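Work through the following exercises with the sequence and the model open. Each task is followed by a solution in steps.

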Amino acid sequence: MANQGVMTSLRDENHSTPDTEFASEATIGNFFSTDYKRNDDLKQMLDSNKDGLKLEAMKRIITMIAKGRDPSHLFPAVVKNVVSKNIEVKKLVYVYLVRYAEEQQDLALLSISTFQRALKDPNQLIRASALRVLSSIRVPVIAPIVMLAIKESAADMSPYVRKTAAHSIPKLYSLDPEQKDELVAVIEKLLMDKATLVIGSAVMAFEQVCPERTDLIHKNYRKLCNLIVDVEEWGQVLILNMLTRYARTQFVDPNTKQPVPEKEFYEEEEEDEATDEPTRPRSLDADHRLLLRNAKPLLQSRNSAVVMAVAQLYYHLAPKNEVGTVARPLLRLVRSQREIQSVVLTTIASMSVKRKDMFEPHFKSFFIHTVDPLPVKLMKLDILTNLAGESNISLLLREFQVYIASQDSKFVAATIQAIGRCASNIKEVTSTCLAGLVALLSNKDEAIVAESVVVIKNLLQSQSADQEAIITKMIKLIDHVIVPVARASILWLIGEYCDKVAKYGPDVLRQMAKSFTNEEDLVKLQIVNLAAKLFVTNPKQTTLLCQYVLNLAKYDISYDIRDRARLIRNILFPSENIKAIKNPKKIFLAPKPAPILESKYKDRDTFQLGSLSHFLNIRANGYRDLPDFPEVAPDSTVRNVEPPSRPTSVNAERVSVSYAQEEKSKRKPTFYSSSSEEEEVDGEESKSETSETVTESDSEMSELQSEPDQDLDKKSISIQEKTAGKTADSTEDSDSSESETSSESEEDEIRPKAAQGTTSPPSAQTTKSNLDLLLDFDGAVPDIPTPIITPTIGGFLTPIVPTVTTSSSLMSNSVDSIVMSSPAYVANNPKELISRTAGNGIQVGIRFTRSPHLYSSTMASIELHFTNTTAEDLGEIKVANKVLPVGMTICDFPVVSSLPHGQTRTALIGIDFGDSTQAAVFDISIGDRILKLSIKPPIGEIIRAVSMSETYFLSQQVKLRGMQESTAVATLPPSVVDGHAICRRVYEVANVSPIPSSDPLVFRFGGQTLSSKTLVLITLKTEAPKVTVIVNCEKIIIGQMLANQVKEALDKH
């Protein structure tokens, strides 16, 4: 209100005093209006004590910069406001300083201490802006200060600040190259960052500072390949180009052959077969295949630069039979803007020279449209000519006939050249093309006739038939053709084939001698050559004409023509001092090879596709040649990453979990092992197992730092005892109930010891049954109440709705740690996934159990209900083919033996969605039928419920501000009257746990993503009937989607 009063008084003054003018109206009308205003008051507004005036002044200054006006004279007044406490003012000041810090270095140096203090600001945007301004001051004296700031920011908790630190590294390197060693150490640290927001910027810094240090990429190669799908588009382009160069140094050429080892068994079996080829296609390295597989989904990107980067990667790295994958995505880009069309068509033209089979199926996609600009038309013509073959040449020539009728003379000339190339490359249509070109000689357009003459001249050298008739027709056009190149071509043909048109040659020479002085230099040179050739073959009729022409050329103004005439005169009419040449005919009429008409894009593949050098066909500044493939692949073990070591002091249950995981890793090689040369599916499974082991190890280490209270352990034990008792009473299978009860009793014996801090080594543990090993293999935190499990038809074990954690137990948790808790709500009825009509009598339902899957805690446990409504019994149910996005894994359910008529069978499947809402697509085989299932999880189902204290919740929420905070406002319907109804609606949307709150009008909920265990914090602030929904999560997309879904649930009537 105070600011409004000040602005009102200022406007009153503005009406009474015309000399003073403030920009309070700038935000009302057009922000970028061309009505220039006086700026004398800006310094007064910047020196004011009111934040409103300062903010208004900064908006006007930024507007001036956007208009192209220079407000640098205001630098002293602006730089003083860098200490402003108003965040909006400070942001605009930093924007201004980034623009002018390099020009006003002396004044910017005075504020370095302020920038250093801002590096400790709680707001991540202020910290990042301070580092950006500090690195923009181009003064070598402050290089150590900038280096220290970059090191601190590289370890910042915010990914946005770490990203800014990566962008500052090239600036410091260009300012002080001696800092390279320290900068390389920071780059190495940033390359190991797990945040996708940072990786692209780290690779950019690597490419500009130390691109030769491939050893920094070894350990991060597989991580970059796996995360490239989640990186922003700008970073994807940088990573793809960098990995292309890296792969060219680490893998052998996939298109070379490798020798076939001798196998006596097969030699004896195939004695009658000839073994002419002792080689076979080379198998790809597992890491090479990983790069190609993970880059392929990016061909569907909406960003044309990303698609181009994947296309060049496949062209330079993939086997020939896989390069065709990029054809359709490139054709999609051809329909984009003209600028994109030019770059994409240049790339396609280069590809089509050597890999024309890629685009032959899409031949008609390059047909030219009337609205295409001329450069696009010319490139499409070149591509069509490259793709021309015996199968499509007839269609192409009919298309060329339409193009020749165009009104654009340059386009018509290029079409005639394309016809000449087709005639030269495909011998079967040479005669047809020559006949068509000869027909064009009677065209009224001089440009078409001239271009036809030039092309015919090139073709006649390779076509011996009908030369006399064609040349005779061209001689008759000599008076009508005025284009110098065409006239020179006709004269060259007459002289080259003077023996076939002997009766026309002297007359043409006589006619040309008359107009010699008026001809172009190109035509004059051919007249001199024609005179020499006719003199050699017919000296009786042409001697005087030849001497006359040479005398004319002797006094020509062009020194080229004078030199040519002097040379020919000494050959044909030598003086007494010069020895005569015996056979000058061999000089002038020597056989000449036929010209080879090639595409102008033939030699462009020396440059990397998609680069500026490739587009311009000239080496641009800063371009680095693409390295050649090595003959022998370097050691691949340098890319292996060692798993984290097992903790030495833990309680007995955690040791058993780690020990089971270690035994599993010994039995089955992980994805990062050097001997992994398996199929794609095997590689994905091993990758998921390795990431699971690492993630669970990290969670165990974090739990060791904060052990839960002994009372909470006892409560969970009592809950488990009750749960186990109910399960034993309701279970029909006595064996399973006995094994379950025994496992619970073993846990009861272990927990009191763990609470007292005692540990036991893995070797001292008793032998466990298969069921115990499966339970331990899950790797779940031991403080979670164990869910009730019963045998089912579809799966070995199926979780039932677990016990809901009460609010009193949550209030008792005063430890600043994260504790797994049971879901507060689980849907009882499955939802329809495939209807009876779509499934041809088979109905499929789905239910998310919100319980950890037994195979891995990162997997969502999903119940599938199969109902047979057909009139016949169906066979076994099992998972068939899978089409999964990168980073997603599935644990199949055991085979269900049969699906009788009118009955329902249930199966439990585990899916690790990788913290994304992408659909898991796979086939289900039911007898001889195949059903395609597509399971797209709601955002709330890839979250697990966790509880924590209110203090710990607030401390974590402070760290997730700015871009990591999503907000929405909902309106409660009249039916929602209490907090229980609000909480129930939240539980239905997301698997979260209630967090104690000291404010009765504020509800808090906690959760973790299943795959990466990223915190998800939900806060509801109620001001009836409005509810403000705040979601804090490091994964911005998850936070935004969850906030919107919670808002929709609260709005629902």
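**Exercise 1. A strand with two hairpins**

Task: find how many residues separate strands E18 and E19 in their hairpin, and how many residues of E18 are buried.

Solution. E18 and E19 form a hairpin in which two residues lie between the strands. Strands and helices here are DSSP runs numbered from the N terminus, a helix being H or I with at least four residues and a strand E with at least two. The model is a predicted one: local features need pLDDT of at least 70, side-chain atom pairs count only at pLDDT 80 or more, and totals for chains, interfaces and linings use all residues. Residues are numbered from 1 along each chain as its sequence is written, and side-chain values use heavy atoms, with hydrogens and water left out.

Step 1. E18 (residues 1015-1023) and E19 (residues 1026-1033) are antiparallel and share eight bridges; two strands count as paired if DSSP finds at least two bridges between them. Within this pairing, Leu1020 has Val1029 in E19 as its bridge partner.

Step 2. E18 also pairs with strand E17 (residues 1002-1009), in the antiparallel sense and over seven bridges. Here Gln1008 is bridged to Leu1015 in E18. The hairpin of E17 and E18 has five residues between the strands, and Lys1013 takes a positive phi near 55 degrees there.

Step 3. Seven of the nine residues of E18 are buried, so the strand is largely enclosed by the rest of the structure. Buried means under 20% relative accessible area, exposed over 50%, and partly exposed in between, with a 1.4 Å probe and protein chains only.

**Exercise 2. An open sheet**

Task: what is the strand order of the open sheet of three strands that contains E9, E12 and E13, and which strands stand at its edges?

Solution. Step 1. The order is E9-E12-E13, and the pairing is antiparallel.

Step 2. Strand E9 (877-883) and strand E13 (929-935) are at the edges; each has a single partner strand, so one side of each is left without a neighbour in the sheet. From one strand to the next, the twist averages 30 degrees, with axes fitted as lines to C-alpha atoms, for helices over the stretch in contact, and angles running from 0 to 180 degrees between N-to-C directions.

Step 3. Strand E12 (residues 920-926) is joined to E13 by seven bridges. Opposite Phe922 stands Leu933 in E13.

**Exercise 3. Buried sides of two helices**

Task: which residues of helices H25 and H29 are buried, and what packs against them?

Solution. Step 1. In H25 (residues 430-439) the buried residues are Thr430, Cys433, Leu434, Leu437 and Val438. They cover an arc of only 135 degrees around the axis, which puts them on the same side of H25; the arc is that of the directions from the helix axis to the C-beta atoms. An α-helix has 3.6 residues a turn, so residues three or four places apart point the same way.

Step 2. Against the buried residues of H25 pack helix H23 (393-404), helix H24 (409-425), helix H26 (446-460) and H27, contact meaning heavy atoms within 4.5 Å.

Step 3. In H29 (residues 505-514), Gly505, Pro506, Val508, Leu509, Met512 and Ala513 are buried. Their arc is only 160 degrees around the axis, which puts them on the same side of H29. The cover over them includes helix H27 (467-475), helix H28 (484-496), helix H30 (521-537) and helix H31 (539-554).

**Exercise 4. Aromatic pairs**

Task: how many aromatic pairs are there, and which parts does the pair of Phe866 and Phe893 tie together?

Solution. Step 1. Rings of Phe, Tyr and Trp (its six-membered ring) pair if their centres lie within 6.5 Å; planes under 30 degrees apart count as stacked, over 60 as edge-to-face and the rest as tilted. By this rule there are 13 aromatic pairs.

Step 2. Tyr403 and Phe411 make a tilted pair, 5.4 Å centre to centre with 50 degrees between the planes. Both residues are buried.

Step 3. The ring centres of Phe866 and Phe893 are 6.2 Å apart and the planes are at 50 degrees, so this pair is tilted. Phe866 lies in strand E8 (residues 860-868) and Phe893 in the loop between strand E10 (889-891) and strand E11 (904-912), so the pair ties together parts that are 27 residues apart in sequence. Phe866 is buried at a relative accessible area of 0%, and Phe893 counts as buried at 4%.
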